[in-house]
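This briefing covers model confidence and salt bridges. Please look at the structure below before reading on.

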Amino acid sequence: MGNPPELYHKILNIPKDTSPQEIRAAYKNLVKKWHPDKHPPSSKPEAEARFKAISEAYEALLDQQENRAVFGLCNDGRAGERAGGAFGGGVGPRMERTRSDDLCTRSAPGTPAREFKKVYSSGNSGGRRAFAEFSSSIMRKAPPLERKLECTLEELCRGCKKEVKFTRDVVTKNGSIVKKEVAQTVVVKPGWRKGKQVVFEGMGDERPGCLPADAIFTVSEKKHPTFKRVGNDLVLKAEVPLAGALTGWSFSFRLLSGRKVSLAFQDEVICPGLEKVIRGEGMPIPEQKGARGDLKVKLEVVFPKELTDEQRAGLAEILRGSC
C-alpha cells in the first residue's frame, strides 16, 4: 500500500483541503528552506532527506488532485461520452476505463492514450521508494543530546560568548559507532532566562538508519551572592541595624553591570520590610529593545538580641511620646 495522504499534508505543513495554488506556495517556501546547498555539512543529511520528501509530497498531492478530476468523469465509461460532447459534439477527448490497471485513460483521435496513474497504486512502488525511505527516517530521529549551559547573572545580564564541549556518537563508513568530541560556540544574549534552549541541529548522536539527533543546551542560572532574579526584576536584600533604621542609614553596592550605586535614608525611619524600587536597573528584556526590569531593594531591620537594664531605660525615655 502507498503512503497515507495525511503524511503528505504533514510534510508540507498544510491542511487537507488546500488548493493547488496553496500547495505550490507551500512547496516553494519549503524547498527554499531545505535546499541542501543552503545547509552546512552538519545538517546537510537532514536537509537532503527533507528536500526529497517535500518534492515527493508535492508531486503526490498534485497527482492526487488531478486523479480526482479525471476519475470524476470516469463513470463506468459513460462519462467519457458526456465529456466528448462537452468538448464539441464528440470530437474532443474521450474517457474510458481500462481493465489492465483499473485506471482511466484519455485518448484523442490520432494520438496515443495517456494514462493518469493512481498516487497510491501498489504498482507505483519504484517512484515512491525514496519517499518511503524518507518517511520512515524522518519519523525516527535519534533522541536529542541534552546538556546544561551554566551562566552567571552577570553573563545573562551583559551577554557573552561561551564555548561548549561535548562528546557525541558518530557512525563511521563501516557502520560502527565511535565517540567524537565537539566544540561549539553559544552566543548568550542579554536577558536570557533560565530554561532558554539553544539547539544545534544534527549535532547530537548518530544512529544507523536514523537522522542525526540535535544537541540541546538548556540555560541554567548560577546562584548569585547578592542578587536574586525574579522574572525581569532583580531583588537585593539588605540588613539595616536598628540604630540606622531609626537615625539614618546609607549603603553602597555594585550593579551587575559593574556600576556603583549608593542609597541613603537620612530623613526617614526605615520600617521592617521597606522596599525601595529603582526603575530600569533590572535585567534586560529580550523581547523589548532597550527595556529593562526594575531593581527592588528590600530592607530588613536587625534588632538586638538582648539589652541591658540601662539600655532599656534609656530607650524607653527617648522613645516615650514618639508613637
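Predicted model: local features only at pLDDT ≥ 70, side-chain atom pairs only at ≥ 80, totals over all residues.

**Confidence**
- The average pLDDT of the protein is 78, and 75% of the residues score at least 70.
- Over residues 75–127 the pLDDT stays under 50, and the model has 80 contacts beyond four places in sequence for this stretch.

**Arg168 and Glu206**
- Arg168 and Glu206 form a salt bridge, with the closest N and O atoms 3.4 Å apart.
- This pair links distant parts of the chain, 38 residues apart: Arg168 is in strand β5 (residues 160–171), while Glu206 is in the loop between β7 (197–200) and β8 (215–221).
- Arg168 and Glu206 are both buried.

**Lys298 and Glu275**
- A salt bridge joins Lys298 to Glu275, and its closest N and O atoms are 4.0 Å apart.
- Lys298 belongs to strand β14 (residues 295–302) and Glu275 to strand β13 (residues 275–278), so the pair ties together parts 23 residues apart in sequence.
- Lys298 counts as partly exposed at 32% relative accessibility, and Glu275 counts as partly exposed at 36%.

**Arg279 and Asp294**
- Arg279 and Asp294 meet through their side chains in a salt bridge of 2.7 Å, N to O.
- Arg279 and Asp294 each lie in the loop between β13 and β14, so the pair ties together parts 15 residues apart in sequence.
- Arg279 is exposed, with a relative accessible area of 65%, whereas Asp294 is buried at 15%.

Notes:
Residues numbered from 1 in each chain as written. Heavy atoms only, no water. pLDDT = per-residue confidence, 0-100. Contact = heavy atoms within 4.5 Å. Helix = DSSP H or I, 4+ residues; strand = E, 2+ residues; numbered from the N terminus. Buried < 20%, exposed > 50% of the residue type's maximum accessible area, 1.4 Å probe, protein only.
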